[in-house]
Amino acid sequence: MKVHGYAAQEKGAHLTPVTFDRVDPRPGEIAIDITHCGVCHSDIHQVNDDWGNSLYPCLPGHEITGTVTAVGEGVEKFAVGDRVGVGCMVNSCQECDPCHKGDEQYCIGPKSATLTYNGPKIPDGTNTYGGYSTGIVVREEFVLRIPDALSNEVAAPILCAGITTYQPMKHFGLEKGMSIGIAGIGGLGHMAIQLAKALGAHPVALTNSPEKMDKVRELGADYVIDMTDEKVVEDAAQSLDMIISTIPYPHDLNPYVSLLKPDTKLIVVGNLMGFDGLQTGPMVMNRITVAGSLIGGIADTQEVLDLCAKHGIAPEIEVIAMKDINDAFDRMKGEDVRFRHVIDMASLKKDEEARSSAKEIDAPERGEVTGRKELADA
Ligand SMILES: [Zn+2]
Ligand SMILES: [Zn+2]
């Protein structure tokens with residue numbers, strides 16, 4: 001099927017209209033008409049090649065929701081007309097230990113997990129294109145069901161911002177009554193506050209933006225620590241049972257470590273670029289673990305969607321037209337954004353100017369449908 005989208009043709013370039021083919025569903029795959037796609041900070045990082053592994057054209061978007069329009073042979077879980085979502089991954093080997101454990105994001109198969117866009121690079125330099133487009137084709141194991149209580153625009157950010165903060169809470173043992181610090185109150189952090197609250201914990205917002213304090217209390221934070229106030233930080237020393245840092249760039253981690261009780265963990269989910277000057281002394285003296293965590297597996301992603309539906313948890317969103325994506329990126333870089341932009345893909349479907357000026361680009365790679373050999377061979 002012919003689809004339209006927006007992509008960066010080179011490092012740091014503005015996103016411009018493109019068109020390309022998505023090949024019809026193979027056995028085990030599903031075609032989705034995309035209605036919405038969330039705008040994640042990692043979309044900017046990858047357009048700018050901040051992590052040094054970007055491929056171009058770079059067509060971002062991994063918070064995808066829409067409607068099933070076709071299913072391949074052997075698809076069992078979904079039917080035409082279902083409301084569905086796709087998050088950060090579209091494929092994995094399905095056969096390795098992490099895949100069997102439901103941690104497909106840590107797949108150690110030959111091609112590792114295939115990211116929704118900008119992957120796989122290994123072994124042959126092929127690319128994938130994400131959700132800043134009107135349609136996508138994905139194997140059914142990587143398709144999520146959108147609960148009735150969630151609209152497509154509200155569900156979209158849960159597929160990255162929601163799962164990325166929920167999974168470490170679950171994995172690292174957040175319990176009822178614990179105090180959990182959430183560092184960075186943006187797209188991920190504002191979801192983390194609501195999720196921690198729903199799990200019975202006490203969310204504590206750790207922010208450099210005191211002007212956000214009223215808003216974070218409204219979201220459910222029991223307490224707010226203004227990290228720009230040294231005295232406040234000092235008074236809160238050793239008061240937290242866990243911290244999740246969603247801050248998407250290098251920053252001074254030491255003040256955050258000082259907030260943790262002994263034998264607890266600070267989990268980094270937002271920054272892949274390292275921390276200068278991280279002092280190990282306070283970590284050693286208090287048996288503090290600084291850990292990392294990447295998104296979450298498919299079963300956990302469905303779990304967080306269902307949890308949000310059950311508890312009425314919703315991201316704060318601003319719906320934008322596809323053509324306004326470059327402005328949205330600028331606003332996110334300048335932090336003049338409240339939580340999450342979500343692209344309304346209907347805006348591109350009826351944008352005649354964008355469609356007629358679209359540059360034709362190569363079809364994206366989809367990878368083999370491994371772990372379903374009887375279908376792949378059919
Ligand atoms: Zn993301
Ligand atoms: Zn695997």
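Which residues are the protein donors of the zinc ion (ligand 2)? They are Cys93, Cys96, Cys99 and Cys107, each through its SG atom, at 2.3 to 2.4 Å from the ion. Donors here are N, O and S atoms within 2.8 Å of the metal (3.2 Å for Na, K and Ca), and water is not among the atoms, so sites may look incomplete.

Before going on, a word on the model: it is predicted, local features need pLDDT of at least 70, side-chain atom pairs count only at pLDDT 80 or more, and totals for chains, interfaces and linings use all residues. Residues are numbered from 1 along each chain as its sequence is written, chains are lettered from A and ligands numbered from 1 in the order in which they are written, and side-chain values use heavy atoms, with hydrogens and water left out.

Cys96 sits in the loop between strand E6 (89-91) and helix H2 (97-100), and Cys107 in the loop between H2 and strand E7 (114-115), so the pair ties together parts that are eleven residues apart in sequence. Helices (H or I, at least four residues) and strands (E, at least two) are DSSP runs, numbered from the N terminus. Both Cys96 and Cys107 are buried, that is, under 20% relative accessible area with a 1.4 Å probe and protein chains only.

Cys40 counts as buried because its relative accessibility is 5%, and Cys160 counts as buried at 5% relative accessibility.

A nonpolar core is a set of buried Ala, Val, Leu, Ile, Met, Phe, Trp, Tyr and Cys residues joined through side-chain atoms within 4.5 Å. The largest has 92 residues, of which Tyr132, Leu150, Ile180 and Ile325 touch the most other members. Domain 1 (2-160 + 297-376) and domain 2 (161-292) both contribute residues, so this core lies between them. Another core, of 19 residues, lies apart from it and includes Leu206, Leu240, Ile243 and Leu266.

Five bridges join E10 to strand E11 (residues 202-207) in parallel, with Ile182 opposite Ala205; two strands pair if DSSP finds at least two bridges between them. E10 also pairs in the parallel sense with strand E13 (residues 240-245), over four bridges, and there Ala183 stands opposite Ser245.

Finally, visit an open sheet of three strands, ordered E1-E2-E18 with mixed pairing. Its edge strands are E1 (2-7) and E18 (359-360), each pairing on one side only. E1 runs antiparallel to strand E2 (residues 16-21), joined by six bridges.

Technical notes:
Buried < 20%, exposed > 50% of the residue type's maximum accessible area, 1.4 Å probe, protein only. Domains from an automatic or database assignment.
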